[in-house]
Amino acid sequence: MDVLAGSIDVRDLLSAPDLDDPSTPLSAPDLRLLIDRLHLRSVHIQRAALQYALSHRRDLAAALSRSSRAAASSASAASALSAALSALSSHPPLDAEIRSLARDILSAREELAERREALGVVAAVSALHARLRAAREGIRAGRVVEAAEAVRDLKCCLSSVCEEGGGSGGSEGEPAVFGFLRKEWTDCFDELQAVLVKIVDNSVKFEPEKGRVIVSSKLAGGEGIGVELDVALRAMEIVDVLDYGMAKIADLMIKHVMVPAISNSSVVVSVEVLNQEAVEKPEAILNVVPSLESQDYQDGSALYSRLIEIIKFICKFICLENRSFVHCFGKLTWSRISNLIITHFLSKAVPDVASKLIDFEDIIRCTIEFETKLKDMIFISTDAKEEKLSQFVHDVEVHFASRKRSEILAKARNILVQYDYPDRPITEEGLMQVSSAVGYSSEYVADLLFQPEKCYISKSATQLMKLVHETLKDACLSSTRVAKEFYHAARDALLLYKAIVPVKLGKQLDSVSQVAINVYNDFLYLSQEILGLAFEYRADFPSGLQKDAVFVDMGPTFYQIAEDILEKQIQLVISSLKEAIDSADGFENTHQSQQYEAAKFSVEQVIFILEKVHIMWEPYMPALTYKRSMRITLDYVFSRITKDMLLLDDMAAEETLQLQRLIHLMLENLSSLFESFIAKVDGKDKVLNHMLWAQLDEMLPSLRKFHLFDMPLKSITEAWESGELIHCGFTSNEVVNFIKAVFTDSPLRKECLWRIGSSSAST
């Protein structure tokens, strides 16, 4: 049938050369030719198909026969199925009976499986209970190792059975038998643990009053059955209660053996080994008894030798040279033993001075050897965390520096808590005045590093700076680690002053007091000393500290505190002066006797306050500070009094005279203050004269305003025109108002007022 294969291409049936283009239309002759050729091709295909059928007649006949039989079989099956369906439809309950029977069979099979599973659980429970009973009998019979193994195995089996039986470790709804089994196992475990602990306790007896420990390897345990100590310990290890079983022995060993052996240097340790074959008789006795001869620990070799002997006794007679027993006992006791050694020996052996640190090398060597021996005995592990003693002795420099730092800070705190300053030398003659005849102790007169002045400081500040310098000198001679501790101790000591003194003396700092000036001087002095510390010591510090040592951050803080204290003292004084000036009631009507007396009393109060402040400040403050503080105070007084007087209008002649008397009274009574003020400025004592008044006028512009009350009208006008009054701080309105208030209306007054007005306008 090759002729039928493939498809027919119409272009192959045409011979036109231009049919390659699909868009070319066919002509009528081409269409007739195409029809003829298609007809011939169809005839050829029919002949080929007939020839193929004739040549394969048998195969085609067999295929048709099989198809006929299959069709007949399918019809027969359809008929049988139709008959069956008809039968079922005629008997409806049959399918329900089949389904019910299937369910019954399935239920019976499930019930059978559950019963088989329940029987298995019951058998397992029965077996477990039997094993628990056997384990208890083994405990009472002294077979503690077998009993321990049984208890250990039963724990796993019990968990497995409970899981298979639907229990979940005590969950609600589980079978009661599982709870019963768990309780039985717990009771058995507790009984085993109690018996084992009793055996161990009876095997190791402590007699603290006699200073000895008695160890027996075989004693009566349980119900009189002999159980050896090593057997009991192995049983504990099996059930994982070795730590619990040895805990009491470890505690008693620390209390009755280690504490006296470490804390008391006059102790002798000895071991007696008795007949090991004797039943229920002591096998070994450890004696820890005081000695009449006191032994000095020195390098610690005697102490470590004593402890090694005790630990060997523990390893041999209590732990029976079993590595796991020894390690467990060491784990329970080593932390406390090492702490006792550090507390009673190593911390006390830390040198007090840096020069003795070299002598500590022997202690370091003996300590390392001691821990190495304990590692060889498996008493401690090779973990670096267990080397507590070695870590301590290797850090001896840090411990030394830490102790010194604590001592330095304690000493600094004691100095500051007992804050002390010398009493000022005074005599009482009316007002308190400084006696120039009595000198001050040079111990408390300090030079300021960055100012060409001296100031009077407290004894506490002197002692504190002495302590700081000593500390930093020690830092220069120490290693980097020790030097850092000294450096921080020096900083902390200075910071303690800032933390303690202002709080301790808070009440005095809140009032005008001599103590406040002392504290101001202290902070000023310390601020400059702090700034100089780095320059003084940095080059001598160890190289590891030179870059880290910083003091400059503290200096500005101390200086600011000093300035705050001074500012507060000035404000407190000004507040007192304001109250005194306010009592003058604006200096009005001073031509009246009563008003004049009130104004005079106010002036006297101002004088008293200023003299008191003068006595309090002048001997103690640095010269520049005294000058600045007194200038602020006097400026306030003179400005305030002048202001009140200039506000008066239409003053009578008598009133003007009284105001002049009050001004002269104040200036005359403040002459000693002015003299000290000028002396402080020039650095030498001078007599108050006309030249010095001129200097005062230059330093205190507000003082010049008082001259206005002594000047005639023409002088006032000339002073205004020359600018002198403007330099003193007067305004044209103040001068005009003063002239109108003091001088009566006249052609001269009008002329002067016109000249002042013209001068102000031109200006």
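Trainee: Which residue stands opposite Ile-214 in β2?
Mentor: Lys-205 stands opposite Ile-214. Keep in mind that this is a predicted model.

Trainee: OK. In what sense do β1 and β2 pair, and over how many bridges?
Mentor: β1, residues 204–207, and β2, residues 212–215, pair in the antiparallel sense, with 4 bridges.

Trainee: How many residues sit between the strands in that hairpin?
Mentor: There are 4 residues between the strands, and Gly-211 takes a positive phi near 70° in this hairpin.

Trainee: Which strand do 4 bridges join to β2, going by the β6 entry?
Mentor: Strand β6, residues 284–290, is joined to β2 by 4 bridges, and the two run antiparallel. Ile-214 has Ile-285 as its bridge partner in β6.

Trainee: Switching to helices. How do the axes of α13 and α16 cross?
Mentor: The axes cross at roughly 10° and come within 11 Å, with α13 covering residues 459–476 and α16 covering residues 514–537. Because angles under 35 degrees count as roughly parallel, α13 is roughly parallel to α16.

Trainee: Which residues meet there?
Mentor: From α13 you have Ala-461, Met-465, Val-468, His-469, Leu-472, Lys-473 and Cys-476. On the α16 side they meet Asp-522, Tyr-525, Leu-526, Glu-529, Leu-533, Glu-536 and Tyr-537.

Trainee: And by class, what does the contact of α13 with α16 have?
Mentor: By class, that contact has 9 nonpolar, 1 polar and 4 charged residues.

Trainee: New topic. Where is Phe-709 found?
Mentor: Phe-709 is in the loop between α24, residues 701–704, and α25, residues 713–722.

Trainee: Buried or exposed?
Mentor: Phe-709 counts as buried, because its relative accessibility is 3% and the cut-off for buried is under 20%.

Trainee: What does Phe-709 touch?
Mentor: Leaving out residues up to four places away in sequence, Phe-709 touches Met-645, Leu-659, Gln-660, Ile-663 and Phe-738. Gln-660 is 49 residues from Phe-709 along the chain, while their C-alpha atoms are separated by 6.4 Å.

Trainee: Last one, Gln-193. Which helix does Gln-193 lie in?
Mentor: Gln-193 lies in α5, residues 176–203.

Trainee: Why does Gln-193 count as buried?
Mentor: Gln-193 counts as buried because its relative accessibility is 17%. Again, the cut-off is under 20%.

Trainee: And what does Gln-193 touch?
Mentor: Not counting residues up to four places away in sequence, Gln-193 touches Val-241 and Tyr-244.

Conventions: Residues numbered from 1 in each chain as written. Predicted model: local features only at pLDDT ≥ 70, side-chain atom pairs only at ≥ 80, totals over all residues. Heavy atoms only, no water. Buried < 20%, exposed > 50% of the residue type's maximum accessible area, 1.4 Å probe, protein only. Contact = heavy atoms within 4.5 Å. Axes fitted to C-alpha atoms, helices over the stretch in contact; angles between N-to-C directions. Parallel < 35°, antiparallel > 145°, perpendicular 65-115°, else oblique. Nonpolar A, V, L, I, M, F, W, Y, C, P; charged D, E, K, R; others polar. Pairing = 2+ DSSP bridges.
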